[in-house]
Amino acid sequence: MGKSLDTDWRKDKEKNLIDEKNNTSLTIEKLRSGDWEFITHYEAAKPCHNQELYALLGGDNSLLNRLISHGWIGQDYMLYSTIYTDEGVTRNALNFILHHIDGNNPDYQFKLDNKDTKDVLRQIKNRDKTIFSQRRILNIDLLHYMLSQNKDSEVVQDTNQIIEMLSPLDNETSEFVSAYLDRLDDKANSLLDKMASRSQKLLSFLAQRGTTGTDMLCQHLDVAFHHLSREIQYNVDGNLADFLQNHWRSISIFRDSNIAPALVEPIVQILNDGKVRIDSLSELGYKDSSSGLRYPCVEQNLYVFSRGNLETALDTISQSDNNQDGSYSVCNRLPALNMIMHISRTVYANALGHLEKYFDLLTKDEYALDCSSNQNIADDLLHILDDIRQQTDEEDTKKLIHTLLNKCSSAARLPLFDDHFEDYTDALMECDAVHFTPMNLQWAFAHDALTEHESSMTTWIQKHDSFEQGDTDEKLDKEKLAEDTINLPPTILNSDRKIHLLQELELEGPIPISSIEPDKQDLAHCPEIYAQLLKNGLVVDTAESFKALDGLPWPVREAWIKESQEFANYLGDADLHPNEACYIVCNKDSRLKKSAEAIMNNFRDYTEGADEPNLLNASTTLIKKGKAIDRGTLQKLAEYDDGLVNTLLLFDAGLEPKSAIVMFAYALEYVTAQDQPENEIAKNMKQFFQKVGGDYLKFTDPNSKCIILPNTAENQQIIKTLCNWKPQLIPQIEEIDEENLIKIRRDQKLWNGFFKQDK
């Protein structure tokens, strides 16, 4: 009241003082009793008091009102007014209740010992237990004490209310949990135990906190992992995923071989959600398929794809009691992909997802496909090829399939093509991953695999000189395969290798010549193909076979004739072209000698119709061989002899004079009729007469006045031609019948002038 009891009051003021005192006492009682509603709404109550007290308490803006409403009144103030009415409650506990619970002003760090916390819990129990689900109850010491009373079911129930309130880990509750962990550090396990099975955000929250060291965070996470619930979908953010990726070894549950089976599912789900991959499977706990994290991590492909992890994964699956496929023991060789598929479909799927890395892991003596010599790889190969195609785009598929096939062992090559492999034909042949057998070659031909020069089939064929051993069946058409093979372009397969393959087919009969249809350009590269077939007994040596070559270039037919042992015998039925007959006669190859002899013996029959150069060359050869030329051939050659050159040529070659005169007679008649240059005719005529000699020298002798010749048809033809061409040269002809001669008067001046034209 601002007055001293020592004041000397006048009687007239005593009553007012007493009234004021009574009113003030009432106000004090309300203050003492903690009637905050009265205090904060004092102005509305409007009690009778003096102006000083009113100034102190009155109105929302009064000093006391502000001190109380903002918590500036010291704890002792409340305690002095309540200490005598709450026996057995510690002053600290009462202070906490009044200021923080009743005042709805949480203080996480308020210090409470065990006696304090017991008093606080007793007071709350007697008042309103819903306070345990309200944030004003949050206090580190109080919650820590409650968590320690795990044998008191009532306390446990109240604690669970607090845990449920904390589990969402919103801004306020996460602040409290963070403060709790910071203060209690490694003594905070009991809180983590409770929250781990209730809070989706707990794990990410722990990883996000920047105040916890790595070791402590590993410890906290280990505690949380040991109390996870299958019913909770835990949040996994980047911080948690990164921490687990880098520090999983320091979290003991990962190495525990006796981890509770119920914890495996949520841990694996967390690793999956965070895309965490174990970089060393062998360090994970493992006893069998139901104990430890190694087996489930293998099954879920939750590991870095490396050689060591791949071997550990296969070993783990092989040792597990769930393994139904195959077995594996760690050795120095990495198993082939098809073997992995039989050991574990899960590990196989992971290898497919990292196929390029898998290929890189293989050493020179390891294969992507392998099997025993008595095992058929077909089913496994088709399965793997289909899997690769289904999970990769077209460009990657081609690259991966080629790498796979290039890394297959010799035993793992496809034994037999079938329609299931139609989509992979090119790759199999290009990589030589299919056996080169007659059956497979027939299949490739039938499926038009040979579409261009640089095709995969070309590559495949060129890698083999011989057929590989393989099963054959009634579907093998050897004759058709022989035809397709022999008709391959020589740029793909030369004739020697073709013949070798055909011999390996062991054909039951010769190949019909009519079925062989090589390209004309191919024949230019390899004209001897038919001859080689003949040489190796793959076609029959008959006139019909040779006739089938009609229309082909001469080198092809010539090669056949040279190789044939019977051609001379069926020459008459072979329909040999006249020019070809001339070629044979002129050819010095000993293999054609017999045929040439047969032709020369019937020269006219075989050469009639030949071109002039060929006929002339053949005739020259015939003369040099000492053979006589028939009149018809001489007449034909004369027709071509524009300047009497052919006549001179044959005479020089050895044509007998009589035959030369016959040819000259014909040639002179033709040449003079063709209006050829006179000087050329005169020059060659002079040379011919001089070379023939005898009576014919009189034509060119400048002193000769008379020419006497035998009265033969040829001489008469010569004289007749000269008379028709140059009548002045032969003004008079006299026949001497008794001696069968012809006498011609020679005008020296005219003849000498005629022959001088050659100069």
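This report describes the helices, packing and cysteines of a predicted model.

## Basis of the model

Residues are numbered from 1 along each chain as its sequence is written, and side-chain values use heavy atoms, with hydrogens and water left out. In this predicted model, local features need pLDDT of at least 70 and side-chain atom pairs count only at pLDDT 80 or more, while totals for chains, interfaces and linings use all residues.

## Overall composition

The protein chain contains 42 helices and three strands; these are DSSP runs numbered from the N terminus, with helices (H or I) of at least four residues and strands (E) of at least two. Of its 759 residues, 49% are buried (buried means under 20% relative accessible area, exposed over 50% and partly exposed in between, with a 1.4 Å probe and protein chains only).

Contact means heavy atoms within 4.5 Å. Among contacts between residues at least 6 apart in sequence, 66% join residues at least 24 apart.

## Two helix pairs

Two packed helices are described by the angle between their axes and the distance between the axes. Axes are lines fitted to C-alpha atoms, for helices over the stretch in contact, and angles run from 0 to 180 degrees between N-to-C directions. Helix α39 (residues 657-673) packs with helix α40 (residues 678-692) at about 170°, the axes being 12 Å apart. The two are therefore roughly antiparallel (angles under 35 degrees count as roughly parallel, over 145 as roughly antiparallel, 65 to 115 as roughly perpendicular and the rest as oblique). In α39, A660, I661, F664, L668 and V671 meet I681, M685, F688, F689 and V692 of α40. This contact has 10 nonpolar, no polar and no charged residues (Ala, Val, Leu, Ile, Met, Phe, Trp, Tyr, Cys and Pro count as nonpolar, Asp, Glu, Lys and Arg as charged, and the others, Gly among them, as polar).

The axes of α12 (residues 189-196) and α14 (residues 214-225) come within 8 Å and cross at roughly 45°, which makes α12 oblique to α14. N189, L192, D193 and A196 of α12 form the contact with Q219, H220, V223 and A224 of α14. By class, four residues of this contact are nonpolar, three polar and one charged.

## A helix with buried residues

In helix α34 (residues 593-601), the buried residues are S595, A596, A598, I599 and M600. They pack against α32 (554-563), α33 (578-586), α35 (603-607) and α36 (612-624).

## Cysteines

The structure holds zero disulfides (a disulfide is a pair of cysteine sulfur atoms within 2.5 Å). For C582, the nearest cysteine sulfur, that of C586, lies 6.6 Å away. C582 counts as buried because its relative accessibility is 1%, whereas C723, at 22%, is partly exposed.
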